[in-house]
Structures are given as C-alpha cells and as structure tokens.
Amino acid sequence: MAIGTGPEPGTAVARGEGPGSAEASGGGEGARVLLIEDEPGIVDFLRRGLEAEGFVVEAAMDGVEGERMALHDRFDAIVLDLMLPRRGGLEVLASVRRALPRVPVIVLSARGEIEDRVQGLDAGAFDYLVKPFSMAELVARVRAHLRTIAHASASRLNADGIEVDLMSRRVRAGGRAVTLSTTEFELLVYLMRHRGQAVSREQILSSVWGYEHDPATNVVDVYVGYLRRKLGAPGEPAPISTVRAVGYRFGGPG
Ligand code: CA
C-alpha cells in the first residue's frame, strides 16, 4: 500500500487499522483536507483514501494554486508535496505558516529532502511523512493533528475578560497575567464552566473541595474573596457576583 508501488486505492486503510482506530466515528467526518501534489496518481490515491475515511478533499496540482487555495478557502488540514511546479513546497509552507499558524500541514517528501531544510520554519503545526508511506500512516497523522487542534480549543475558557488555559493553567484577567493557587484555579474554572448560573456554596464545596468538607465552613466565601482581589483591577471588578441566599455567579446577565 505504499505510494509509488502501484497503489490499490480500494484497499487503502480498512477502518479500525492504525492508531486512529480508537475513534469509532472515524474522526475524519467532514473535515476538509487540501492536497497540494502534482502527481495525478498520488493525488488520486490520497483522495480516495482520505474520502473513504470521511474527509472532504480538494486538490491543487502546483504550488501557486495550492497556496492560493490554502489562503483563501478554509481547510482543516493541508497535505503538501515538496517538489511542485511553479512554487516549491517549502515556500508554500512558509507562507501558509505565516497566515494560518494553527492549520496543520503534513509535508510529503522523499527521504533526506527535508530534514536539513526545515530549520527556520516554525515547526508548530507541521509534520512530515517520508515517501513511500502508507495511507494508514497519513490518515493517522491527519487525525492526530485535528485532535490536537480540537483539544487546544476545548482547553481554553474565555469570558468576561478572564482567560484560562486549562493545559498550562495560565490565567489572564483584563490582559494581565494572574497567579492563582491550585484551589483558586479550580474554583475559577468551576465558576466559569457555570457562567451565568447562580451556584450555591454547597455545590461549589462539593465540586471544588470534595464531600468531606464541613458544610458550615466559610471557605468558599474566603476563596471567592481571594479570587476577586486577584482578578479585579481598579475600576474593573472581577466578574463574580454574590447571589443573595444562594451563592455566587460568574459573569452572565447583570
Ligand atoms: Ca511532486
């Protein structure tokens, strides 16, 4: 099933093969992939293989057209050959990286073609496969990159001037970096996930501190006080309101 060895597109990647198999849905459903590759046989092979996995595929046969499509249409991932007519793959890669830093680009290259040439390129959302490679490997890479992107956007909370990165646990309030203790951080995340809702002290206690806590404690009020002080600035109070006889509410109406 390697590229360049007489591909049999119909046999490309049975579902359930390869590292992406944990996702029952196939993971490709509807994601748009741009192929920039000038060899029609490879385009055909990749197109059929990716479409069989649920991806929507468009192809460009040279570097200029590929760059134009990459920059003007919305693609979830780009598969890019290095040796292309009219504009080389590395040039296309550099321009796509500048304009679309978060779109994953998977470069297809012959062995040795790329290793010494990628220095200076932002390697962030970029990966490469050395020819010959299997369809299963390409599909697995595309899926892995799409998952990483989806995970990164699911791992951020951003509301009412407060930004929380759940992975790095960094917090910003009104653009300022704020340092929180572990408990303060957990409390803020809990409140933000219930944005606009009044949550009771009991709910907060059991979710943030766990059930073993004495319900008579005023620890919630103490920590809300800490948060308000750290998140607020003169003239810009923290977006945590007291809801009388209930508890607290983050942001939302009022
Ligand atoms: Ca080529």
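The protein chain has seven helices and twelve strands; helices (H or I, at least four residues) and strands (E, at least two) are DSSP runs, numbered from the N terminus. This is a predicted model, where local features need pLDDT of at least 70, side-chain atom pairs count only at pLDDT 80 or more, and totals for chains, interfaces and linings use all residues. Residues are numbered from 1 along each chain as its sequence is written.

Three strands make an open, antiparallel sheet in the order 10-12-11; strands count as paired if DSSP finds at least two bridges between them. Strands 10 and 11 sit at the edges, each pairing on one side only. Strand 10 is joined to strand 12 by three bridges, and Ala-198 stands opposite Arg-249 in strand 12.

| Edge strand | Residues |
|---|---|
| strand 10 | 198-200 |
| strand 11 | 240-243 |

Next, a pair of helices. The axes of helix 5 (residues 182-193) and helix 7 (residues 219-231) come within 10 Å and cross at roughly 90°; axes are lines fitted to C-alpha atoms, for helices over the stretch in contact, and angles run from 0 to 180 degrees between N-to-C directions. So helix 5 is roughly perpendicular to helix 7 (65 to 115 degrees).

Which residues of helix 5 meet helix 7? Thr-183, Glu-184, Leu-187 and Leu-188 do, and they meet Tyr-223, Tyr-226 and Leu-227; a contact needs C-beta atoms, placed from the backbone, within 7 Å.

Note on methods. Parallel < 35°, antiparallel > 145°, perpendicular 65-115°, else oblique. Contact = placed C-beta atoms within 7 Å.
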